[in-house]
Amino acid sequence: MDSFTLALAEKLPKAELHMHLEGSLEPELMFLLARRNNVSLPYENEEALRQAYQFNNLQEFLDIYYNGMSVLLTEQDFYDLTWAYLERSHHDNVIHTEVFFDPQAHLARGVALESQINGIYRALTHAQENLGMSFRLIMSFLRHLSEESAFETQELALPHLDRIDGVGLDSSELGHPPEKFVRVFKKCHELGLLVTAHAGEEGPPEYVWQAINQLNVHRIDHGNRALEDADLTTLLVEKELTLTVCPLSNKRLRVVDDMKKHPLPEMMAKGLKVTLNSDDPAYFGGYMNANFHAIIKNLGLSPAQVVQLVKNSFTGSWLNDDEKAQALAQVESVWASHDP
Ligand code: HPA
Ligand code: ZN
């Protein structure tokens, strides 16, 4: 039965809604860019770097993540990074992707926002034209930095809003609650941007409440800890807010200690609108289909549950209604023709 479900999950057209481009930087490309740009890395080779990918919490990962992205300097680097992710996710039958990037981390190294966006966008449009993939681009604010820094970044982004669909909030969650960015997000809404925020990954349910009530998010990234609060769970169900869950990330960052105890089935049983995503695939052990594999193998998801997750990925996306209907029809057609 598992093999039927696994094959179905692989084959189904999927949307990915939670993926940090900088988190898709594989060690091989990191070393290639380091050589190209004369940046030195504190690891002898790819293997030594991979050995360092053992994290006890979010912060231990973030320290390595910010260090790794220091090789990204030119527009071409951002193109190469984005294209590599798109090719891999195309291979996993991801047909629509909504990707994050962390502009402040690159601005701090003197990389202009325009270079970042030009490179990323060129790869996204190339994938649209050559792989038939659709996309949305999400500019994420780093929550460990100040409100002032977020406002400065927002100001820099104004000339590029035709290429930015929405904003997010990521980085060190504990001690940096959503309410820190209420005024920034209010302005984002006024600018017509869609809005999401990481909340309830390591942070308490209170942070998810704040993301909903104070940032007026259109969805929640992670949100696992919402389960600790019954009223919050009810609200999420009533509002049909999408949660972008990332199983391999949760395991590697010790948000869950055993994949067999991942809360995904409980979340689905409670009626939460969950999706599966890879978060930082180069660091956490796999892309979209690897996340489906982990969940199916360890939690014995049924084919119908897999189809539900995939449908949620499209209905929770920022595609328009026609695009959603088209994608859902494709899902139905693959599901209907999948032979045991
Ligand atoms: N959480 C918070 N910030 C991040 C993550 C994450 O999982 N990945 C990249 N930045
Ligand atoms: Zn994330």
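This is a predicted model: local features need pLDDT of at least 70, side-chain atom pairs count only at pLDDT 80 or more; totals for chains, interfaces and linings use all residues.
Student: Which residues are around ligand 1?

Tutor: They are His 20, Leu 58, Phe 61, Leu 62, Tyr 65, Asp 170, Ser 171, His 198, Glu 201, His 222, Asp 279 and Asp 280.

Student: Which helix gives the largest share of the shell around ligand 1?

Tutor: Helix 4, residues 58–68, provides that share, with four residues.

Student: How should I read the polar contacts of the ligand?

Tutor: One looks for pairs of N or O atoms within 3.5 Å. Here, a nitrogen atom of ligand 1 lies 2.7 Å from a polar side-chain atom of Asp 280. For Ser 171, a polar backbone atom is 2.8 Å from a nitrogen atom of the ligand. In the side chain of His 20, an N or O atom is 3.3 Å from a nitrogen atom of ligand 1.

Student: How much of the area that ligand 1 exposes when taken alone does the protein bury?

Tutor: Ligand 1 alone exposes 260 Å², and the protein buries 100% of that.

Student: Where does ligand 1 sit?

Tutor: Its place is the largest cavity. A pocket, by contrast, is an open set of points. The largest pocket in this model has a volume of about 260 Å³. Among its 17 lining residues, those closest to the centre are His 96, Ser 134, Phe 135, Leu 319 and Glu 323.

Student: Which helix gives the most to the lining of the largest pocket?

Tutor: Helix 17 does, with four residues.

Technical notes: Residues are numbered from 1 along each chain as its sequence is written. Chains are lettered from A and ligands numbered from 1 in the order in which they are written. Side-chain values use heavy atoms; hydrogens and water are left out. A residue is near a molecule or strand if one of its heavy atoms lies within 4 Å of it. A polar contact is a pair of N or O atoms within 3.5 Å; within protein, one must be able to donate a hydrogen and the other to accept it, and residues adjacent in sequence count only if both atoms are side-chain atoms. Accessible areas come from the Shrake-Rupley method with a 1.4 Å probe; for residues, only the protein chains shown count as cover. On a 1 Å grid over the protein atoms alone, a cavity is a set of points where a 1.4 Å probe fits but cannot get out, and a pocket is an open set with protein on both sides within 12 Å along at least five of seven lines; lining residues have an atom within 4 Å of a point. A molecule sits in a cavity or pocket if more than half of its atoms lie within 2 Å of its grid points. Helices (H or I, at least four residues) and strands (E, at least two) are DSSP runs, numbered from the N terminus. Grid points are joined across faces, edges and corners, and a volume is the space filled by probe spheres set on the points.
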